[in-house]
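Here's a quick tour for anyone meeting this structure for the first time. Keep the model open while you read, and look up each residue as it comes along.

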Amino acid sequence: MPATKEQIRQIIADNNLNSVAGVYSLLKDSFKDILQELMEAELDASLGYEKNQKGDAPTSNKRNGHSPKTLKSQYGEFQIDVPRDREGEFEPKLIPKYQRNISGIEEKVISLYSRGMSTRDIHDQI
């Protein structure tokens, strides 16, 4: 479900948006945050448990921090932290290893997120 006019006006007021550059910067920051959450959700799905919820997980593999990765997109360059696992089995599908240029995926992610899909639902779609 798309954002309502009231929600958009609130975003404009909260972020003091008064130019196209400001909107562009907000989209870039939002895209980075969404992409980061999608990567975390992808690792959750790979390991079979959410962060801090290991409990009775069916695997001995665990999270093992993050690796920085600089991406190029239509919003410019930005850095994300790609989650890692101890056994090195995690192969990201959203942004495969060694891929740095992600132009084109931005529209899909932002469109799905603005329609109310969760980051996990977006991960499943992509």
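Start in the loop between helix H1 (5-15) and H2, where you'll find Asn 16. Keep in mind that you're looking at a predicted model. Most residues other than glycine have a negative phi. Is Asn 16 buried or exposed? Its relative accessible area is 61%, so Asn 16 is exposed, the cut-off being over 50%.

Now hop to the loop between S2 and helix H3 (105-114), which holds Tyr 98. Tyr 98 isn't a glycine either, yet its phi is positive, at about 75 degrees. Tyr 98 is exposed too, with 76% relative accessible area.

## One aromatic pair

How many aromatic pairs does the count give? It comes to one. The partners are Phe 31 and Phe 78: their ring centres sit 5.9 Å apart and their planes are at 90 degrees, so this pair is edge-to-face. Rings pair when their centres lie within 6.5 Å, and planes over 60 degrees apart count as edge-to-face.

Phe 31 belongs to helix H2 (residues 20-47) and Phe 78 to strand S2 (residues 76-85), so the pair ties together parts that are 47 residues apart in sequence. Buried here means under 20%.

## The nonpolar core

Next up is the largest nonpolar core, which has 16 residues. Which elements give two or more residues to this core? They are H2, S2 and H3. H2 supplies the largest share, five residues.

Leu 35 and Ile 95 have the most contacts inside the core. Take a closer look at Ile 95: leaving out residues up to four places away in sequence, it touches Leu 35, Met 39, Lys 69, Leu 71, Ile 80 and Ile 102.

## The largest pocket

Time to look at some open space. The largest pocket has a volume of about 490 Å³. It is lined by 15 residues, and those closest to its centre are Ala 3, Ile 11, Leu 27, Ser 30 and Ser 114. Three elements, H1, H2 and H3, each give two or more residues to the lining.

H2 provides the largest share of this lining, at five residues. What kinds of residues line the largest pocket? Twelve are nonpolar and three are polar, with no charged ones.

## The second largest pocket

The second largest pocket holds about 280 Å³ of space. Its lining also numbers 15 residues, with Ser 67, Val 82, Arg 84, Pro 92 and Lys 97 the closest to its centre. Here the elements that give two or more residues are strand S1 (63-73) and S2.

S2 gives the largest share of this lining, four residues. By class, the second largest pocket is lined by eight nonpolar, two polar and five charged residues. Compare that with the lining of the largest pocket, where there are no charged residues.

Key. Residues are numbered from 1 along each chain as its sequence is written. This is a predicted model: local features need pLDDT of at least 70, side-chain atom pairs count only at pLDDT 80 or more; totals for chains, interfaces and linings use all residues. Side-chain values use heavy atoms; hydrogens and water are left out. Rings of Phe, Tyr and Trp (its six-membered ring) pair if their centres lie within 6.5 Å; planes under 30 degrees apart count as stacked, over 60 as edge-to-face and the rest as tilted. Buried means under 20% relative accessible area, exposed over 50%, partly exposed in between (1.4 Å probe, protein chains only). On a 1 Å grid over the protein atoms alone, a cavity is a set of points where a 1.4 Å probe fits but cannot get out, and a pocket is an open set with protein on both sides within 12 Å along at least five of seven lines; lining residues have an atom within 4 Å of a point. Grid points are joined across faces, edges and corners, and a volume is the space filled by probe spheres set on the points. Ala, Val, Leu, Ile, Met, Phe, Trp, Tyr, Cys and Pro count as nonpolar, Asp, Glu, Lys and Arg as charged, and the others, Gly among them, as polar. A nonpolar core is a set of buried Ala, Val, Leu, Ile, Met, Phe, Trp, Tyr and Cys residues joined through side-chain atoms within 4.5 Å. Contact means heavy atoms within 4.5 Å.
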